[in-house]
Amino acid sequence: MAIQDNQIVSMEYEVRDGDQIVDSNKGGAPLVFMFGKGQIIPGLENGIKDMNTGDKADILVKAADAYGEYNADATQEVPKEQFAGIDLTEGMTLYGQGEDGGTVQVTVKEIKDDTVVIDFNHPLAGKDLMFTVAINNVRDASAEEAMTGVPEENKPSDEEGCCGTGGGSGCGCN
């Protein structure tokens, strides 16, 4: 039976931007999520919807259905003194606090004499991505999982630390 909304999916993946691998969990902990809740990028979720346990596929996800199109207006030039004590290099990723109190990731786009241009776009914005996926398991969610949207596999455990995955999205780890 094909994957359905509110089921728990366990998946192995590798994602490429052209010939470059930009992320992979092969040989590590699987990605476990509740299908149909927007917990993974829309194009990938749509691409696996007809798959079953044991299926493997290559799925091309267009930029608009991945991390969005690149927005040239999502840059800001800020005074260099705001980065005092940081050895800045172009292309480096920095984390700060947004207006809403949440964490904001930016990339150093350009370093000028007195200012730094930072880019608020996701590093993969504007890129079509090729996912190679293998569906390890598909199961119905428990009543608690259905209520919280959090798969049992992603809940903190005393023995494993936060998620048992060393952090990441979905469990509140940073």
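This is a predicted model: local features need pLDDT of at least 70, side-chain atom pairs count only at pLDDT 80 or more; totals for chains, interfaces and linings use all residues.
Biologist: How is the chain divided into domains?

Modeller: There are two parts in the assignment: domain 1 covers 7-67 + 126-154, and domain 2 covers 75-119.

Biologist: And how far apart do the C-alpha centres of domain 1 and domain 2 lie?

Modeller: Those C-alpha centres are separated by 31 Å.

Biologist: Let us take the sheet of four strands. What is the strand order?

Modeller: The order is S5-S8-S7-S6, in an open sheet with antiparallel pairing. Strand S5 (75-79) and strand S6 (93-97) form the edges, each pairing on one side only. From one strand to the next, the twist averages 40°.

Biologist: How many bridges join S6 and S7?

Modeller: Five bridges, in the antiparallel sense, join S6 to strand S7, which spans residues 103-111. Within this part of the model, Gly-96 stands opposite Val-104 in S7.

Biologist: Where does Gln-105 lie, and what is it in contact with?

Modeller: Gln-105 belongs to strand S7. Beyond its neighbours within four places in sequence, Gln-105 is in contact with Thr-93, Leu-94, Tyr-95, Asp-119, Phe-120 and Pro-123. The C-alpha atom of Gln-105 is 9.8 Å from that of Ile-118, and the two residues are 13 residues apart along the chain.

Biologist: Why is Gln-105 classed as partly exposed?

Modeller: Its relative accessible area is 30%, and the class applies because that value falls between the 20% limit for buried and the 50% limit for exposed.

Biologist: Changing topic, which residues have the most contacts inside the largest nonpolar core?

Modeller: They are Leu-44, Ile-48, Phe-131 and Val-133, in a core of 21 residues. The elements giving two or more residues to this core are S1, helix H1 (42-48), strand S4 (56-61) and S9. S9 gives the most, with five residues.

Biologist: What is Val-133 in contact with, leaving aside its neighbours in sequence?

Modeller: Outside the four places on either side in sequence, Val-133 is in contact with Met-11, Glu-12, Tyr-13, Leu-44, Ile-48, Met-51, Asp-55, Lys-56, Ala-57 and Ile-59. There is also a second, separate core of eight residues, which includes Val-78, Phe-83, Val-116 and Ile-118.

Biologist: Ser-10 next: is it buried or exposed?

Modeller: Ser-10 is buried, because its relative accessible area of 11% is under the 20% limit. Ser-10 is placed in strand S1, residues 7-17. Apart from neighbours within four places in sequence, the contacts of Ser-10 are Pro-30, Leu-31, Val-32, Ala-134, Ile-135, Asn-136 and Asn-137.

Biologist: Now the charged pairs. How many salt bridges are there?

Modeller: The count comes to seven salt bridges. One of them joins Asp-17 and Lys-127, with the closest N and O atoms 3.1 Å apart.

Biologist: Where in the chain are Asp-17 and Lys-127?

Modeller: They are in distant parts of the chain, 110 residues apart: Asp-17 is in strand S1, and Lys-127 is in the loop between strand S8 (115-119) and strand S9 (129-140). Asp-17 is partly exposed at a relative accessible area of 22%, and Lys-127 is partly exposed at 30%.

Biologist: Which residue forms a salt bridge with Arg-139?

Modeller: Glu-145 does, with 2.7 Å between the closest N and O atoms. Arg-139 is partly exposed, with a relative accessible area of 23%, whereas Glu-145 counts as buried at 2%.

Biologist: What about Glu-144 and Lys-155: which parts does the pair tie together?

Modeller: The side chains of Glu-144 and Lys-155 meet in a salt bridge with an N to O distance of 2.4 Å. Glu-144 lies in helix H2 (residues 143-148) and Lys-155 in the segment after H2, so the pair ties together parts eleven residues apart in sequence. Glu-144 counts as partly exposed at 43% relative accessibility, and Lys-155 counts as buried at 19%.

Biologist: Which residues are joined into a network by shared partners?

Modeller: Arg-139, Glu-145 and Glu-153 are joined into one network in that way.

Biologist: Finally, what is the phi of Asn-6?

Modeller: Asn-6 has a positive phi of about 70°, although this residue is not a glycine. Most residues other than glycine have a negative phi. Asn-6 is in the segment before S1 and is partly exposed, with a relative accessible area of 36%.

Terms used. Residues are numbered from 1 along each chain as its sequence is written. Side-chain values use heavy atoms; hydrogens and water are left out. Buried means under 20% relative accessible area, exposed over 50%, partly exposed in between (1.4 Å probe, protein chains only). Contact means heavy atoms within 4.5 Å. A salt bridge is a side-chain nitrogen of Lys or Arg within 4 Å of a carboxyl oxygen of Asp or Glu. Domain bounds come from an automatic or database domain assignment. Two strands pair if DSSP finds at least two bridges between them. Axes are lines fitted to C-alpha atoms, for helices over the stretch in contact, and angles run from 0 to 180 degrees between N-to-C directions. A nonpolar core is a set of buried Ala, Val, Leu, Ile, Met, Phe, Trp, Tyr and Cys residues joined through side-chain atoms within 4.5 Å.
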